[in-house]
Amino acid sequence: MRCPFCGKSGTSVIDSRLSVETNSIRRRRVCPECNNRFNTLETSELSYPRVIKSDKSTEIFSKDKIKKGVLLALEKTHNNQLDIDKTLDTIFNQCITHSEREIKSSDIGKYVMDELLKLDHVAYIRFASVYFNFNDTQSFRELIKTLDNNLSPEMKKRQTDLLDDE
């Protein structure tokens, strides 16, 4: 690391601290030539693939766009922030570990749907209605029927009843 004051290389690290929130390391350094001290911040550089949209155009991967879609699907549901953050992290990790340099938007949609299915079925249906571009109520009925038939006992426990048995 070069000293920002005198430009000499070979600065020494005198203190390092891990920042859990940002997954970075803050280092306090000193220059042996001019004795000035300064801080550096190390972060990992992640490279997301480019997104191929349905019209075959491409765009830069946007974490914010995915987060916005997930949060919109989860709006007015009762999920804690920790579970939502874990869901988003899982989606982003699937995207970043995608084997190719480009990823189809439909693949990202599948990742989102898989994770929403585990987290909240109402959010899953909301997202699916946009993802599958439903035009009629029959499409909703079929999705709900499929969803209802494929629930594990654990998933059934997590879901609230829409109608009382009275």
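**Aromatic pairs in a predicted model**

A search of the whole structure finds four aromatic pairs, where rings of Phe, Tyr and Trp (its six-membered ring) pair if their centres lie within 6.5 Å. Planes under 30 degrees apart count as stacked, over 60 as edge-to-face and the rest as tilted. This is a predicted model, in which local features need pLDDT of at least 70 and side-chain atom pairs count only at pLDDT 80 or more, while totals for chains, interfaces and linings use all residues. Residues are numbered from 1 along each chain as its sequence is written, and side-chain values use heavy atoms, with hydrogens and water left out.

**Tyr48 and Phe61**

- Tyr48 and Phe61 form a stacked pair, with 4.3 Å centre to centre and 5 degrees between the planes.
- This pair links distant parts of the chain, 13 residues apart: Tyr48 lies in the loop between strand E3 (37-43) and strand E4 (50-52), and Phe61 in the loop between strand E5 (58-59) and helix H1 (63-73).
- Helices (H or I, at least four residues) and strands (E, at least two) are DSSP runs, numbered from the N terminus.
- Phe61 is buried at 11% relative accessible area, whereas Tyr48 is partly exposed at 22%.
- Buried means under 20% relative accessible area, exposed over 50%, and partly exposed in between (1.4 Å probe, protein chains only).

- Phe127 counts as buried at 17% relative accessibility, while Tyr131 is partly exposed at 27%.
- Phe127, Tyr131 and Phe132 form one aromatic cluster.
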